[in-house]
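This briefing covers a two-chain model, topic by topic. Please read it with the sequence and the coordinates at hand.

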Amino acid sequence: MRIRKIRNYFAFPRAFSPPMGLYPHGQPHASFPPSIREEENPTMQALKTLLGLVAIAGILVSQGRTWAEPKPVAPEQFDKLQRMIKPQAGESLFLDIRWLLSVWEARQRAAVEGKPILVWAGAGGPPVAVC
Amino acid sequence: VPLAIDARSQAFEDAEGEFIRNAGCATKTASGSVYLITSGGKRLCQGNLIPDGQSFQKSLEKALKAWQELPAAERKPGAASIGEHGAADPKRVAQTPPADSLVLRVFSRQFGRDAKGELRFTVADDYVPEIRKHAARFRESANDYMWITAKEWQALVPANPTTGSRVPVPPALAERLARWHLDPATGLGEGRNFSDANTGIAQVSLVVVDVSADTIKLRLEGTAKLDNSRRTLPVSFEPALLGYLTFDRGKKAFTRFDVLALGDVRGSPAGENRMGERTGAQPLGIVFELAGESGPLPAPRGARDNAERYLSPKLKAGP
């Protein structure tokens, strides 16, 4: 009941009610002194407006709508970044192996060469592809 | 004979799917499972994938011993007869790129920042405590592939190129790039963050920078604003893109297709499994380059379950 009273106090449409997560203790009434529950208090009116703006900003941020433009990639950094992102020497050694992707081809080759098959089967096809 | 397969293929209704099912050698997890099997499908020994630098080696030695213990008649070349390939399940066929597609190789890597703000490789302490024991895996680069259809890459080549002119990027290509290939979940699990995102999450432009009798050179620039805030553990990624493309007019083919995306990830890339999760805004880099390899390559991560959806993303307007 008290939660509903506080929401009415903000006089926002329901969709703009601050999510519970914005309240310090999950209980809105616990964070407000009794004095600010006076509806005709001018200070309260200003506080209402401020809190309302904070709440809307919080909702927009939580929904990822406040974006800054990503910092451009510096052309002079391109080659260096490319090298850093790709596998380093000695890393991802399994990618150096010429893995077959066809069961039938592997069976053919194993039968002809008289060898066993080392089969690695997982989500996506590790180690040549990741999940 | 090394064989790497997507565990999904055991569900395919064809001879290969049946072989894998009967051999019982596929596990649909990130690491999957490793077995030594015969060409006839007899399972000999399981590989131990504990990443301690010893267990895998020892298990392979044990597996080879099991192979050596088979009767010589079973092991000799030509002992086993493998039948015809037979018709492939259409779902398997869909795992191959459309004719004349351009195939790119994609690598992505999480980074940290040093005291000067420069990129550095990640260390265990960069990650949330729950997953630090897996930090070595997150430090490595993850690999994927991207398909660009013939119609799309041909659209990137202007008929009458002039330096400075802009080339429209096909919407489906830009959307595929953003939804499937700029996902920080790559390599961290089977989850998809942006597959049903609204149209326009990536702004990509292509400019002709040099024209000669032999080549057309283009520069790609762009940004993407990717956000999956619907999950309990949301994630966002805001990369900038830069790329250099060279089209050989004689070969009628791209000889360079180097694109780079770099930006900050916030939140949990793989959702509740927490894999690769760090706190705050942390850098992720992704590079694209011509696969340049002959022979079949794995299907892109985004095309494995529904290649049609990957190739023709549903274009829908944002709010």
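Which pattern does chain A follow when read along the sequence? The pattern is α-α-α-α-β, given by four helices and one strand. The model is predicted. In chain B, 92 residues are in contact with 59 residues of chain A.

**Chain A**

- Chain A has 131 residues, and buried residues make up 37% of them.
- Take the contacts in chain A between residues at least 6 apart in sequence: 41% of these join residues at least 24 apart.
- The peptide bond from A:Pro126 to A:Pro127 is cis, and its omega is near 5°. A:Pro127 lies in the segment after strand 1 of chain A. As background, most peptide bonds are trans.

**Interface of chain B and chain A**

- The two chains, B and A, bury about 6,300 Å² between them, and 65% of this area is on carbon and sulfur atoms. B:Val1, B:Pro2 and B:Leu3 supply 13% of the area that chain B buries against chain A, more than any other three residues.
- Between chain B and chain A, 32 residue pairs are in polar contact, counting pairs with both residues at pLDDT 80 or more. Strand 11 (residues 235–248) of chain B gives seven residues to the side of chain B that touches chain A, the largest share. By class, that side of chain B has 46 nonpolar, 23 polar and 23 charged residues.
- Three salt bridges are found across the interface of chain B and chain A. A salt bridge links the side chains of A:Glu69 and B:Lys225, with an N to O distance of 2.6 Å.
- Strand pairing also joins the chains: strand 1 (residues 117–122) of chain A and strand 2 (residues 33–37) of chain B run antiparallel and are joined by five bridges. In this pairing A:Ile117 stands opposite B:Ile37.

**Strands 7, 8 and 9 of chain B**

- Strand 7 (residues 166–167) and strand 8 (residues 202–211) of chain B run antiparallel, joined by two bridges. The bridge partner of B:Val167 is B:Leu206 in strand 8 of chain B.
- Strand 8 of chain B also pairs with strand 9 (residues 215–224) of chain B, in the antiparallel sense and over nine bridges. B:Ser205 stands opposite B:Glu221, a residue of strand 9 of chain B.
- How many residues does the hairpin use to join strand 8 of chain B to strand 9 of chain B? The hairpin joins these strands through three residues.

- Strand 11 and strand 12 of chain B run antiparallel and are joined by 14 bridges. Opposite B:Ala240 stands B:Leu262, in strand 12 of chain B.
- Strand 12 of chain B pairs with strand 13 of chain B in the antiparallel sense, over eight bridges. The bridge partner of B:Ala261 in strand 13 of chain B is B:Ile286.

**Positive phi in chain B**

- Most residues other than glycine have a negative phi.
- B:Lys252 is not a glycine, yet its phi is positive, near 55°. B:Lys252 is found in the loop between strand 11 and strand 12 (253–267) of chain B.
- Is B:Lys252 buried or exposed? B:Lys252 counts as exposed because its relative accessible area is 59%, and the cut-off for exposed is over 50%.
- B:Arg274 has a positive phi of about 65° and is not a glycine either. B:Arg274 sits in the loop between strand 12 and strand 13 (281–290) of chain B. Its relative accessibility is 23%, so B:Arg274 counts as partly exposed.

**B:Ser59**

- B:Ser59 is in helix 2 (residues 55–68) of chain B. With a relative accessible area of 8%, B:Ser59 is under the 20% cut-off and is therefore buried.
- Which backbone nitrogen does the side chain of B:Ser59 reach? The side chain of B:Ser59 reaches the backbone nitrogen of B:Asn48, at 2.8 Å.
- Not counting residues up to four places away in sequence, B:Ser59 touches B:Cys45, B:Gln46, B:Gly47 and B:Asn48.

Note on methods. Residues are numbered from 1 along each chain as its sequence is written. Chains are lettered from A and ligands numbered from 1 in the order in which they are written. This is a predicted model: local features need pLDDT of at least 70, side-chain atom pairs count only at pLDDT 80 or more; totals for chains, interfaces and linings use all residues. Side-chain values use heavy atoms; hydrogens and water are left out. Contact means heavy atoms within 4.5 Å. Buried area is the accessible area (1.4 Å probe) that two parts lose on being put together, summed over both. A salt bridge is a side-chain nitrogen of Lys or Arg within 4 Å of a carboxyl oxygen of Asp or Glu. A polar contact is a pair of N or O atoms within 3.5 Å; within protein, one must be able to donate a hydrogen and the other to accept it, and residues adjacent in sequence count only if both atoms are side-chain atoms. Ala, Val, Leu, Ile, Met, Phe, Trp, Tyr, Cys and Pro count as nonpolar, Asp, Glu, Lys and Arg as charged, and the others, Gly among them, as polar. Two strands pair if DSSP finds at least two bridges between them. Buried means under 20% relative accessible area, exposed over 50%, partly exposed in between (1.4 Å probe, protein chains only).
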